[in-house]
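Let's take a walk through a protein chain together, one piece at a time. Keep the picture open beside you and look for each part as it comes up.

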Amino acid sequence: MGLAPDAPTLRERTYEHYTQGGRGGRPITPGYGYSSIAWIPETEGSWALPLRHERITSWENPIDKAVWQLKQVCQHLPSRPITLWDNEYGCAPFVIKTADINADKLMRLRSNLCLWGEPPQYSGRGKPRVHGDKFKLNDASTWSEPTQTIEQLDAKLGRVRIRLWTTKHFRLSPQHPMSIILVERLQEDGSPRVNKPMWLAFVGEEMPPLSQLWKLYLRRFAVDHWYRFIKQRLHWTLPKLSTPQQCDRWSDLMPLMTWELWLARDLVSDNPLPWQKQMTQFTPGRVAQAMPGILVRVSTPAKPPKPRGKSPGWKTGQPRQRRIRYPMVKKRTTISRKAAEKTA
């Protein structure tokens with residue numbers, strides 16, 4: 001996301017949420033929201049290669065934007081991918097809208113969600129039930145016996161316990177069953193190491209083995225590293241641009257530069273700073289640090305600038321006009337007709 005708290009002349013600014021705080025440490029800050037879909041090429045490291053990186057306009061929401069991007073990407077893929085999604089997309093509308101897309105989904109769930117199991121067999125009287133027993137993530141008394149439970153010893157996270165429940169669904173999407181995974185880090189005595197474990201939901205055709213599935217989701221954090229990289233190293237949020245079109249053009253350069261660094265990773269030689277160690281597998285930052293060696297050899301097709309005199313400046317008596325100040329765009333959630341009738 002791009003911060004723009006002091007740009008009242010920039011159109012279509014919306015209120016965006018920042019997990020680590022925006023201006024003055026406040027989580028809500030005026031700016032632009034962006035939606036990105038990236039390919040994670042390696043099992044380790046911080047490389048994330050963006051396939052789509054676009055601004056969420058003032059008339060769009062993150063879920064609809066992500067669904068449209070996923071459709072565009074999956075049309076050009078040779079096989080069915082496994083896609084990883086943050087807890088913002090772990091909801092019934094996202095599951096329903098992506099049901100016809102040729103992609104498996106592994107989503108993180110908020111720990112306060114309430115899911116439902118399969119309905120019991122029809123008794124022959126009354127309306128058939130749509131939901132079964134309640135499955136509340138933060139209430140262990142509502143959990144049924146897990147379908148599978150395994151424990152692993154991870155080199156970085158230590159002892160980990162993974163539990164699996166099948167055929168659960170959101171209340172608004174009973175036709176789309178999911179597999180629910182609970183990942184807990186354990187201490188030596190077997191008690192949970194952290195208060196909030198990680199809840200995942202898998203929706204797709206063929207689920208990978210449980211011992212590998214939860215590790216796949218950890219690769220999603222490479223996208224967070226990419227956002228930090230383009231902000232700090234590629235100066236994504238540095239320019240003070242005037243129009244949304246300029247912001248879009250500047251943002252389009254971020255994926256292009258990332259792919260150029262990825263293609264150049266085998267061509268550059270490591271150029272560490274005096275306090276840095278030598279590396280064999282280069283990160284995006286180390287490749288960018290070594291790119292001047294390639295640019296010197298390639299040179300540039302641009303001609304050197306011609307010397308000019310002093311600018312004449314603003315003409316005396318020519319009127320000046322203040323730039324137009326645009327109001328903030330406040331996005332509101334639509335209320336269903338039934339909910340509106342109840343509140344009336």
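Start with helix 4 (residues 221-232) and helix 5 (residues 244-263), whose axes come within 11 Å and cross at roughly 105°. Helices here are DSSP runs of H or I with at least four residues, strands are E runs of at least two, and both are numbered from the N terminus. An axis is a line fitted to C-alpha atoms, for helices over the stretch in contact, and the angle runs from 0 to 180 degrees between N-to-C directions.

Who does the touching? Helix 4 brings W226, F229 and I230, and helix 5 brings M254, P255, T258 and L261, where contact means heavy atoms within 4.5 Å. Sort these residues by type and you get six nonpolar, one polar and no charged. For that sorting, Ala, Val, Leu, Ile, Met, Phe, Trp, Tyr, Cys and Pro count as nonpolar, Asp, Glu, Lys and Arg as charged, and the others, Gly among them, as polar.

A word on where this comes from: it is a predicted model, with local features needing pLDDT of at least 70 and side-chain atom pairs counting only at pLDDT 80 or more, while totals for chains, interfaces and linings use all residues. Residues are numbered from 1 along each chain as its sequence is written, and side-chain values use heavy atoms, leaving out hydrogens and water.

Now look at helix 4 by itself. Its twelve residues should span 16 Å at 1.5 Å a residue, and its end C-alpha atoms are 17 Å apart, which agrees; the expected span is 1.5 Å times one less than the number of residues. A222, V223, W226, Y227, F229 and I230 are buried in helix 4, with buried meaning under 20% relative accessible area, exposed over 50% and partly exposed in between (1.4 Å probe, protein chains only). Seen down the axis, the buried residues of helix 4 fall within an arc of 165°, so they line one face of the helix. That arc is taken from the directions from the helix axis to the C-beta atoms. They pack against strand 3 (28-39), strand 4 (49-56), helix 5 and helix 6 (284-290).

Which residues of helix 5 are buried? They are P244, C247, S251, M254, P255, T258, L261 and W262. These cover an arc of only 130° around the axis, which puts them on the same side of helix 5. On the other side of helix 5, you'll find R249, L256 and L263 exposed. The cover over the buried residues of helix 5 includes strand 3, strand 4, helix 4 and helix 6.

Between helix 4 and helix 5 runs a loop, and H235 is in it. H235 has a positive phi, near 60°, though it is a residue other than glycine. Most residues other than glycine have a negative phi. H235 is partly exposed, with a relative accessible area of 38%.

Finally, step back. The chain has eight helices and twelve strands, and its C-alpha trace spans about 90 × 60 × 40 Å along the principal axes. Of its 344 residues, 36% are buried.
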